[in-house]
Amino acid sequence: MVQAGEAGLVAPLINRNLSPFETGLGVPVMESATGLGNGGVTVGWDLHWASHSLREDDDSGELELDGETLRQDLRVLVGLSESITLVVDVPWIHHSAGSLDSLIDGWHDLWGMPEGARAEQPRDVLRFALGGDEAFSLDRSASGLGDVELGLAWRLWGDERQAFGTFAQLTLDTGDVADLTGSGATAVAVGLRYAHHGCGLAALSCHLQAGIADPGDLSLAARQRSTLLFGGLSLAWRLGPELAAVAQLEARESAYEEGPLGANDVAVWGGLGLRWQPEDAWTLEAQFSEDLNVGSAPDISFRLGVARRW
């Protein structure tokens with residue numbers, strides 16, 4: 001059996017979609033199917049920083065996203081047995097005008113990349129607005145507790161190189177939809193995970209996740225899907241005994257069936273990250289992610305993470 005410390009170096013990224021109107025839909029982040037083992041404990045802190053720039057318009061209304069989101073997560077994982085892991089995630093979310101616009105505009109200019117909605121939006125201004133029947137606007141900084149996540153993962157089978165398991169997650173309605181720190185509903189999700197260490201090449205680990213989520217009754221949706229399919233693929237390349245590079249692709253169905261929020265039927269985003277494990281107990285991570293289906297996720301997101309295992 002692959003040990004928890006070794007598996008942690010080549011685990012998937014915590015690569016959240018921080019689009020403001022997609023917060024707290026109950027879709028779990030990717031995790032390894034390997035698990036922690038009996039009595040194992042991991043405590044982690046994550047900082048996500050996302051920049052939003054989007055304008056969508058149709059006959060039913062207009063959607064504008066201009067601003068930034070900072071999300072901090074305290075994550076605790078506990079190995080209840082050799083095969084069962086408990087996961088608790090407590091987020092704090094802050095929306096503001098931010099300060100990344102100049103940096104992103106300069107990056108686009110350097111490489112000749114299109115500006116999209118950024119060319120028409122003022123710099124460092126907060127405006128999250130939805131028109132139509134479900135009209136909503138946030139143009140002031142807002143902070144608060146997000147939707148708390150409670151999860152259980154169960155490794156059904158595993159050997160020295162592979163593991164297969166199932167998981168379930170309950171997302172509590174602890175955020176505030178008026179400040180876009182929560183969805184306004186309680187959500188549930190279930191799914192399957194698979195991990196293969198030495199996937200074709202000795203230094204490569206492959207992870208798959210697929211499942212279905214019920215986002216609950218969303219207050220900002222005139223018409224919504226009752227269930228969302230989601231999935232992800234993560235490839236981790238061990239660069240050395242203490243360093244790994246991770247590439248990840250994730251997708252899920254949109255919760256909204258119509259209007260500007262439903263313009264993208266499927267949200268697709270990808271991330272690249274580096275993980276350093278200077279000793280078996282500590283892990284440090286840095287990553288960035290982009291929307292691959294334009295408008296379905298933040299324009300760009302960054303993440304820093306630190307975790308300690310016992």
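Me: Does Leu 180 count as buried or exposed?
Reply: This is a predicted model, where local features need pLDDT of at least 70, side-chain atom pairs count only at pLDDT 80 or more, and totals for chains, interfaces and linings use all residues. Residues are numbered from 1 along each chain as its sequence is written, and side-chain values use heavy atoms, with hydrogens and water left out. Buried means under 20% relative accessible area, exposed over 50%, partly exposed in between (1.4 Å probe, protein chains only). Leu 180 has 1% relative accessibility, so the residue counts as buried.

Me: Where does Leu 180 lie?
Reply: Helices (H or I, at least four residues) and strands (E, at least two) are DSSP runs, numbered from the N terminus. Leu 180 is in the loop between β8 and β9 (187–197).

Me: What is the phi of Leu 180 near?
Reply: The value is positive, in a residue other than glycine. Phi of Leu 180 is near 55°.

Me: How many aromatic pairs are there?
Reply: Rings of Phe, Tyr and Trp (its six-membered ring) pair if their centres lie within 6.5 Å; planes under 30 degrees apart are stacked, over 60 edge-to-face, the rest tilted. By this rule the count is 2.
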